[in-house]
Amino acid sequence: FTIPLRQKLSAGEQAAGAWLTLPSTAIAGTIARTQNISWVLIDAEHGLINDTHLYDLANVIAANGASPIIRVPSEEIWLIKEPLDSGAHGLMVPMANSAEIVRGIVRATKYPPVGIRGFGPMFTSATGALGGAYAVAANHELVISVQIEHPQAVAEIEEICQEGIDVVFIGPFDLALSMGVQFGSEAHEAAISKILASAKKHGKVAAIFCLNGEQAAKRFAQGFQMVSVTTDIDTLTTAFAKELTAATGK
Ligand code: 3PY
C-alpha cells in the first residue's frame, strides 16, 4: 500500500505537515487538501480527539491525499494498537523519554516476529490495504515517530537513534519545560542541534513542531526533513484576529 509520507521521506524530500486538534472531518479534509502538505497529525494527546474519532479522521485525510499520523495520549504501549488499526499511516508517541521506552514502542508497533502487535486490521482502509496484505507491509511501511522532549532522551539520543523507529520528532515546548530552560535559549537550541545531528548520523528522519511558516522555513533550512507548520486552532486564532483588526482598526 501507498503511504504518501513514507514516499516523500524515502525520496529525501521535505515533508511539511499540520496539526489537527479539533475532531472534525470537514476541517481534517480541508487541511489535507492544502497545497504542499504531505501529512496531518491527529492529536489525541492534547487535542479534543479521542478513539471514536480516529477512523473517520484517518480516512478523510488519506482520501484527500495526505498521510494521517496519530499522536497517542502517552507512551504507554497499550495505547498503540487501536490507532494503528484505525488505518493511520503512522504513529507519533509523545514522551519517549528513554531508549528503554523507545524499544517498547518499537515492539508494540510491529507484528511478530519483530514485535508483539496483535492482529486485527479490520479498519485499515485508509492505507488502501486490508488483512493479509496489510500485515505483510505494515512493519516496514508505517511511519513510526517518537517525541524527544526530555533531557534523559537527549542524553540517550545516540542509542534511541539506533532503534527501529523512522522519525525522531522534537517537541520543543515540552523539551524547554523539562530542561528547565527558556524556549529558544542557547541551551534549548543546543539540545535541538544535538538531536538533529544524531538523527542524521543514524539515518533517521529529523522532525520538529512549529507554530507558523516562518519558524518552519528556518527549521527546514537547518536540516530538518519533516516539519509541522501550524495547527488548526493557531491558524484560526491568528487569522480571525488579523481580519478583525483589519476590519475594525483595533
Ligand atoms: C511540544 O512542543 O512539546 C510538542 O509536543 C508539540 O506539540
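This is a predicted model. Start by selecting strand 2. Both of its faces are covered: W39, L41 and D43 lie on one side, V40 and I42 lie on the other, and all are buried. In a regular strand the side chains alternate between the two faces of the sheet. Strand 2 spans residues 39–43, and five of its five residues are buried, so the rest of the structure largely encloses this strand.

**Stop 1: the neighbours of strand 2**

Look for L20, whose bridge partner in strand 2 is I42. Now trace the chain from strand 1 through helix 2 (residues 25–32) to strand 2; this β-α-β crossover is right-handed.

**Stop 2: helix 3**

Select residues 54–63 for helix 3. Together with strand 2 and strand 3, this helix makes a right-handed β-α-β unit. Which residues of helix 3 are buried? They are L54, L57, A58, N59, I61 and A62. An α-helix has 3.6 residues a turn, so residues three or four places apart point the same way. Show the surroundings of the buried residues of helix 3: they pack against strand 1, helix 2, strand 2, strand 3 and helix 4 (81–85). Then step just past the end of helix 3 to G65, which takes a positive phi of about 95°.

**Stop 3: S145**

Jump to S145, in strand 5 (residues 143–148). Is S145 buried or exposed? It counts as buried, because its relative accessibility is 1% and the cut-off for buried is under 20%. Leaving aside neighbours within four places in sequence, S145 is in contact with L91, M92, V93, V167 and F169.

**Stop 4: D166**

Now pick D166, in the loop between helix 8 (157–160) and strand 6 (167–170). D166 has a relative accessible area of 18%, so this residue is buried too. Beyond the neighbours within four places in sequence, D166 is in contact with R6, L142, V143, I144, K204 and V205. Draw a distance line from D166 to G203. They are 37 residues apart in sequence, and 8.7 Å apart in space, C-alpha to C-alpha.

**Stop 5: strand 7**

Select strand 7, residues 205–209. Five of its five residues are buried, so strand 7 is largely enclosed by the rest of the structure. V205, A207 and F209 are buried on one side, A206 and I208 on the other.

Bring in strand 6, which runs parallel to strand 7 and is joined to it by four bridges. I170 stands opposite I208 in strand 7. Then bring in strand 8, residues 226–231. Three bridges join strands 7 and 8, which run parallel. Here F209 stands opposite S228. Follow the chain from strand 7 through helix 11 (residues 213–222) to strand 8: this β-α-β crossover is right-handed.

**Last stop: a surface patch**

Switch to a surface view and select I233, L236, F240 and L244. They make a nonpolar surface patch of about 370 Å². I233 is in helix 12 (residues 232–248). With a relative accessible area of 39%, I233 is partly exposed.

Methods. Residues are numbered from 1 along each chain as its sequence is written. This is a predicted model: local features need pLDDT of at least 70, side-chain atom pairs count only at pLDDT 80 or more; totals for chains, interfaces and linings use all residues. Side-chain values use heavy atoms; hydrogens and water are left out. Patches are made of residues with over 30% relative accessible area and no salt bridge: like charges are joined within 9 Å, nonpolar side chains (Val, Leu, Ile, Met, Phe, Trp, Tyr) within 5 Å. Accessible areas come from the Shrake-Rupley method with a 1.4 Å probe; for residues, only the protein chains shown count as cover. A salt bridge is a side-chain nitrogen of Lys or Arg within 4 Å of a carboxyl oxygen of Asp or Glu. Helices (H or I, at least four residues) and strands (E, at least two) are DSSP runs, numbered from the N terminus. Buried means under 20% relative accessible area, exposed over 50%, partly exposed in between (1.4 Å probe, protein chains only). Two strands pair if DSSP finds at least two bridges between them. A crossover is right-handed if, with the strands pointing away from the viewer, the path from the first strand over the helix to the second runs clockwise. Contact means heavy atoms within 4.5 Å.
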